[in-house]
Amino acid sequence: MESNPFGSRKDAQENHRNINVDVVIIGAGPSGAIAASLLHKQGKQVLVLEKQHFPRFSIGESLLPYCMQFIEQAGMLEAVEQAGFQFKNGAAFRHDGTYTTFNFTDKFTEGPGTTFQVQRGQFDKLLADTAASQGVEIHYDHSINEIDLGLDSTSEPKLSVTDEQNNTYQVTAKYVLDASGFGRVLPRLLDLEKPSDLPARSAIFTHIEDNITDPNFDREKILISVHPTQKDIWYWLIPFSDGRCSVGVVAEPHLIEHHQSGVEGGSEAELEQQLWQLINEEPGLEALLANAKVLQPCASLKGYSANVSTLATSQFALLGNAGEFLDPVFSSGVTIAMQSASMAVETLVKQLDGEDVNWQQDYAQPLMQGVDTFRTYVQAWYDGRFQDVIFYEDPNPTIKQMICSILAGYAWDTKNPFVKDSERRLNMIVDLCRDHTKAS
Ligand code: FAD
């Protein structure tokens, strides 16, 4: 029988023995599970330490087709396809009676054009379980408390870990991947936090039994609705395959507070009241959800956009939300998380095999290419420019395909002019749409 490279977990905890691995991954969400699987496939010893017990709730339920490539690379495609998640083929947008759709199969960049809308508790557990079935070791209910990077950049990082019984043990690794999402473990412990260049926004959300009877409602698309008078307030409606939906609203905190009904504090009841008050201000959504039943307490997140001063060094790299998180509007979070996992693993395997790597050039810069593309479109969404393009009535089909590629997650395809030169191209098209709309 093959010996367990970690020794028995019980031994390690009881004897406070130091565990040695090639790579320790903090967090078993999408970025952690994909990275773990890809490293394991390359013969590297990986240990994943996850603070929570799975399944656990997570927001971020609408995937983009581009991420299917990483799921396939990690050997998880069959498991995901067979799990019964809601098929997704695009995105629908609605504002003030105007409804428009993007069909992700009709896009500029080659690659998968469909994906799924997933309950993240179930989805994340499926990815982590599949990684485990491939041979990846995952310790649940184990949380990282401290990291010691040693004397210089060639030292092996040492992590202090607490298990479910509050025992502490040490893990020494040649490299650390921080996939801790909003936990942002290394940014906190190593003082890497940097404010986001996007203003703070808040989200209120829940799951509902939607009871939607409108025959025109397309369950295969996420629906993004815009508030009729305040264009920077928007709503998501993400249908699942079981007659339920994830529904949420996003706005700058003061705009949500402005809608507060006088009930004190951020109680679940107050959040629910606020959410429905805002939903009822958007007549299309109000009609669609007239018979909806709330299934779980409403939750809120405030100021979730985040950034860091350093994404990677020769000792650690930040994946997914542990690095930068932009904004939920284009459902890009899981895709960026998986792209970062794939890119970091490629660089890391070279380093572990003794090749020279440059984490800035090989990982941080190429990753930021796509993140910056999304940033351009996020900023233009909130200042109204991109909304004028999305709701333009007579789009040029080729340009629509290029924009569709970005909405489908292909934000790293520099053959797409709207990726390569995103700000300038977007502004050109904004001017054209605005001129035509004025003239007509
Ligand atoms: P996570 O999925 O957050 O996983 C991190 C894991 O690390 C967790 O399981 C956590 O328990 C663990 N962890 C934390 N601290 C520690 C520790 N100390 N020790 C060990 N483990 C630890 N993205 C989309 O793709 N589609 C969407 O529709 C979408 N909607 C969103 C809506 C809102 C309002 C917000 C705020 C975000 C949304 N996102 C969406 C973004 C998405 O939620 C994240 O980008 C995605 O979950 C990031 O994955 P990850 O692997 O980086 O981190």
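First, the ground rules. This is a predicted model, where local features need pLDDT of at least 70, side-chain atom pairs count only at pLDDT 80 or more, and totals for chains, interfaces and linings use all residues. Residues are numbered from 1 along each chain as its sequence is written, and side-chain values use heavy atoms, with hydrogens and water left out.

Side chains of opposite charge can pair when their charged atoms come close. A salt bridge here is a side-chain nitrogen of Lys or Arg within 4 Å of a carboxyl oxygen of Asp or Glu. How many salt bridges does this rule give? The count is 19.

Start with D218 and K221. Their closest N and O atoms are 2.8 Å apart. K221 is buried, at 9% relative accessible area. D218 is partly exposed, at 23%. On those words: buried is under 20% relative accessible area, exposed is over 50%, and partly exposed lies in between, using a 1.4 Å probe and protein chains only.

Next, D388 and K231. This salt bridge spans 3.3 Å, N to O. It links distant parts of the chain, 157 residues apart. D388 sits in helix 12 (residues 385-390). K231 is in the loop between strand 13 (221-226) and strand 14 (234-239). Helices (H or I, at least four residues) and strands (E, at least two) are DSSP runs, numbered from the N terminus. K231 is partly exposed, at 31%.

Last pair: R385 and D383, with 3.0 Å between the closest N and O atoms. R385 is buried at 14%. D383 is partly exposed at 44%. Salt bridges with shared partners also join D197, E324, D372 and R375 into one network.
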